[in-house]
Amino acid sequence: MIGWIIFGIVVVLILLWVGIYNGLVQARMRTQESWSQIDVQLKRRNDLIPNLVETVKGSAKFEQGTLEKVVSLRNAITQTPTSDHQKTMALSDQLTNGLKSIFAVAEAYPDLKASNQYNKLMEELSNTENKIAYSRQLFNTTTANYNTKLQSFPTNLIAKLHSFKPSEFLETPAEEREVVKVSFNDQGL
């Protein structure tokens, strides 16, 4: 009788171990899959940039330095290893700022703003930027869930035995965290 009880306890412990291990694997895979979503959106944006550059180049006086910076950042992202999440996102943030510069400078060119192709590219890039932002949020959420499992008892014991490593959160660049200074001088407000 005692032998059956011990056998039952061992079976329950093995099943618990397997369940916890599989939960860790699933959480790690969700984190990797959410990074893959960011990667897909970055590729989509990178594919749109040559079309934007060609469309904007048609405006004779458009700032060449702005275009070169955007192309250079796009190339740097495509050459960065996909495992280097922080570097990829830092370059992506710089590219986003470069695209904002193109959009801002383009405001001075009425013919460009009236172009259907330019407007369509602007809309696609804007949608892609929104998808990148959502994918970043999803990545950080899945990373939080995974890292919580790694630190919670008894999952942390099994995670250590099987060498599960925490995932790094994607961080917001320091300049984006700064408080925006607004002045209402001479506005009567």
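**Entry 1**

I looked up Asp47 and Lys43 and found both in helix α1, four residues apart, about one turn of the helix. Helices here are DSSP runs of H or I with at least four residues, strands are runs of E with at least two, and both are numbered from the N terminus. Asp47 forms a salt bridge with Lys43, and their closest N and O atoms are 2.9 Å apart. I noted the rule: a salt bridge is a side-chain nitrogen of Lys or Arg within 4 Å of a carboxyl oxygen of Asp or Glu. Asp47 counts as partly exposed because its relative accessible area is 39%. The cut-offs are under 20% for buried, over 50% for exposed, and partly exposed in between, with a 1.4 Å probe and protein chains only.

**Entry 1: ground rules**

I am reading a predicted model, in which local features need pLDDT of at least 70 and side-chain atom pairs count only at pLDDT 80 or more, while totals for chains, interfaces and linings use all residues. Residues are numbered from 1 along each chain as its sequence is written, and side-chain values use heavy atoms, with hydrogens and water left out.

**Entry 2: the whole chain**

I counted the elements next. The chain has seven helices and zero strands. Along the sequence the pattern reads α-α-α-α-α-α-α. Of the 189 residues in the chain, 34% are buried. The accessible surface comes to about 12400 Å², and carbon and sulfur atoms hold 57% of it. These areas come from the Shrake-Rupley method with a 1.4 Å probe; for residues, only the protein chains shown count as cover.

I also checked contacts, meaning heavy atoms within 4.5 Å. I took those between residues at least 6 apart in sequence, and 76% of them join residues at least 24 apart.

I checked the UniProt record. The unreviewed entry places a "transmembrane region" at residues 6-25. UniProt positions use the numbering used here, feature names are shortened, and annotations may be inferred rather than shown by experiment. In the model, residues 6-25 are 100% helix and 0% strand. The end C-alpha atoms of this stretch are 28 Å apart.

Which residues form a nonpolar patch on the surface? I found Met1, Ile5, Ile9, Leu13 and Leu16, with about 560 Å² of accessible area together. Patch residues have over 30% relative accessible area and no salt bridge; like charges are joined within 9 Å, and nonpolar side chains (Val, Leu, Ile, Met, Phe, Trp, Tyr) within 5 Å. Ile5 lies in helix α1. Ile5 is partly exposed because its relative accessible area is 47%.

Is Arg45 buried or exposed? Arg45 counts as buried, because its relative accessibility is 0%. Arg45 lies in helix α1, which covers residues 2-57. I left aside neighbours within four places in sequence and listed its contacts: Ile77, Ser92, Leu95, Thr96, Leu99, Leu125, Thr128, Glu129 and Ile132.

Glu129 forms a salt bridge with Arg45, with the closest N and O atoms 2.7 Å apart. This pair links distant parts of the chain: Glu129 is in helix α5 and Arg45 in helix α1, 84 residues apart. Glu129 is buried too, because its relative accessible area is 19%.

I then followed Thr96, which sits in helix α3 (residues 85-106). Thr96 is buried because its relative accessible area is 14%. Beyond neighbours within four places in sequence, Thr96 is in contact with Arg45 and Glu129. The side chains of Thr96 and Glu129 make a polar contact at 3.0 Å. A polar contact is a pair of N or O atoms within 3.5 Å; within protein, one must be able to donate a hydrogen and the other to accept it, and residues adjacent in sequence count only if both atoms are side-chain atoms.

**Entry 3: Arg44 and Glu124**

How many salt bridges does the rule give? The count comes to four. One of them joins Arg44 and Glu124, with the closest N and O atoms 3.9 Å apart. This pair also links distant parts of the chain, with Arg44 in helix α1 and Glu124 in helix α5, 80 residues apart. Arg44 is partly exposed because its relative accessible area is 31%. Glu124 counts as partly exposed at 21% relative accessibility.

**Entry 4: a proline in a loop**

I ended at Pro154, in the loop between α5 (116-151) and α6 (155-161). Pro154 counts as partly exposed, because its relative accessibility is 32%. Pro154 and Trp17 are 137 residues apart in sequence, and their C-alpha atoms are 9.4 Å apart in space.
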